[in-house]
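Subject: Handover of a structure and its findings

Dear colleague,

Please find the structure below, followed by an account of what was found in it. I would be grateful if you would read the text with the structure open beside it.

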Amino acid sequence: MKTIIEPFRVKVVEPIRMTTADEREAILRRASFNLFQVRAEDVIIDLLTDSGTSAMSAAQWGAMMRGDESYAGARSFFRFEEAVKDLTGYENIIPTHQGRAAERILFASTATAGDVIPNNSHFDTTRANVEAGGAVALDLPCSEAAALQSKYPFKGNIDLERLQQTIDRQGRQKIPLVMITVTNNTGGGQPVSLENLRRTSEICRANGIPLYLDAARFAENAYLIKLKEPGQSERSVREIAQEMFQLADGCTMSAKKDALVNIGGFVATNDSNVAERMRNNLILTEGFPTYGGMAGRDLEAIACGLGEILDEDYLAYRLASTRYVGRHVSQLGVPIMLPVGGHAIYLDARQFLPHVPTEQFPGQALAVELYREGGVRSVEIGGVMFGKAAQHDLVRLAIPRRVYTQSHMDYVVEVVEQVYRRREEISGMRITWEPPTLRHFTARFDWV
Ligand code: F0G
């Protein structure tokens, strides 16, 4: 088999400013060792997130020129609506400025204090929006998800038994909806199987509870189903994605991931009553229902991106590049979460730095070293982000879509390798200042 190449040519380039080790040392000190406080122009390879960082295609930029900026009933809205309906089959499509706005509007329109929202794993903003209304965000990941090294292919699955028990215990009146996050970002970008979605859908329908997808990375999930699930390899990814959406009654979407745009989102539902409440809510903060916090040109870019994301040559390249990094760092003996998911590699910092106690934030120490070594920016997902509740200390290397080439990824592997070779010299970190909430964004650190 031949190398899976980037299925695009580069038309516009954005220079990367190279920095020296001395410069990076000074930059880290100025940022108090918090990578969120480092300026993007001081980063060589930015793997902080895959959200809103995609490179748009010539077709998307072209479509933006067609943007209809009318306040009401813009042409661009109808193009957007048609693209989303064609993919999801849902009746009511409501644009929002990004995923968390869709979540806020959905939960404000469906959940009340004391309700319970089960999910395979809530993303942070989803959890925060559930909890903002006094409801409980319940994570029910499958048991295979706990073992970082287990190669079970669908570690994103929800635990069906615990879902049924939760419904039996709480009663369906307390569960306004069940959510499934595809792929499961909090759980390592792991996919959910079609089988698991079908059974979740059956349980929800038997109990009269609506099912919603958090569809941020639906195409990566659908492609992983095609690659790994028995009986799915002959179907098109579009067909699999359409079935995923049809098993649910609605979805929220951060278009900043699998719609290949820099900003945007939507919430969709088959329930016209919920849709009416959501549209009223939308007008308060997002905007009129035919633009919902976006410009007409953004709607055009999403409509176009939702077609491009299902191109199987693109998806083959996308998954190949994530696996490429995973395979190469694994071969060096670097401990990572397995199997490699859709959008990121997760380094296991507790195993990488076994001499650094968890109170000394091994994930933060490792993320700082990757920057110091080669200007690679990643994100700590562990003790800094979640405090004592953290079950792991991970460092996520999220790969932006269509942005970096294979030599950029080779560089990342080399940086990881160099840090790994001198891992015994790396010391832990302590927090010197922290804000009352969401400390990972602004906390200050120093070496222990
Ligand atoms: N759902 C999932 C699964 C996500 O990963 C995100 C964002 C959101 C919802 C919220 O969407 O950012 O458009 O408001 N994840 C980003 C990340 C921030 O880095 O993983 P948003």
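In this model, 3 strands form an open sheet in the order S9-S12-S11, with antiparallel pairing. Strands here are DSSP runs of E with at least two residues, helices are runs of H or I with at least four residues, and both are numbered from the N terminus. Two strands count as paired if DSSP finds at least two bridges between them. Strand S9 (344-348) and strand S11 (379-381) stand at the edges with a single partner strand each, so one side of each has no neighbour in the sheet. From one strand to the next, the twist averages 30 degrees; such angles run from 0 to 180 degrees between the N-to-C directions of lines fitted to C-alpha atoms.

The model is predicted: local features need pLDDT of at least 70 and side-chain atom pairs count only at pLDDT 80 or more, while totals for chains, interfaces and linings use all residues. Residues are numbered from 1 along each chain as its sequence is written, and side-chain values use heavy atoms, leaving out hydrogens and water.

S9 pairs with strand S12 (residues 394-398) in the antiparallel sense over 5 bridges. Across this pairing, Asp-348 stands opposite Leu-394, and Tyr-346 has Arg-396 as its bridge partner. S11 and S12 are joined by 3 bridges, also in the antiparallel sense, and there Val-379 stands opposite Arg-396.

S12 is mostly covered, with 5 of its 5 residues buried (under 20% relative accessible area, with a 1.4 Å probe and protein chains only). Leu-394, Arg-396 and Ala-398 point one way from S12, whereas Val-395 and Leu-397 point the other way.

The second topic is the ligand. Of the 16 residues around the ligand, Thr-49, Arg-100, Asp-214, Ser-254 and Lys-257 come nearest; a residue is near if one of its heavy atoms lies within 4 Å. The shell divides into 1 nonpolar, 8 polar and 7 charged residues. Helix H4 (residues 99-110) provides the largest share of the shell, 3 residues.

The protein buries 93% of the 470 Å² that the ligand exposes when taken alone, as given by the Shrake-Rupley method with a 1.4 Å probe.

Yours sincerely

Key. Nonpolar A, V, L, I, M, F, W, Y, C, P; charged D, E, K, R; others polar. Buried < 20%, exposed > 50% of the residue type's maximum accessible area, 1.4 Å probe, protein only.
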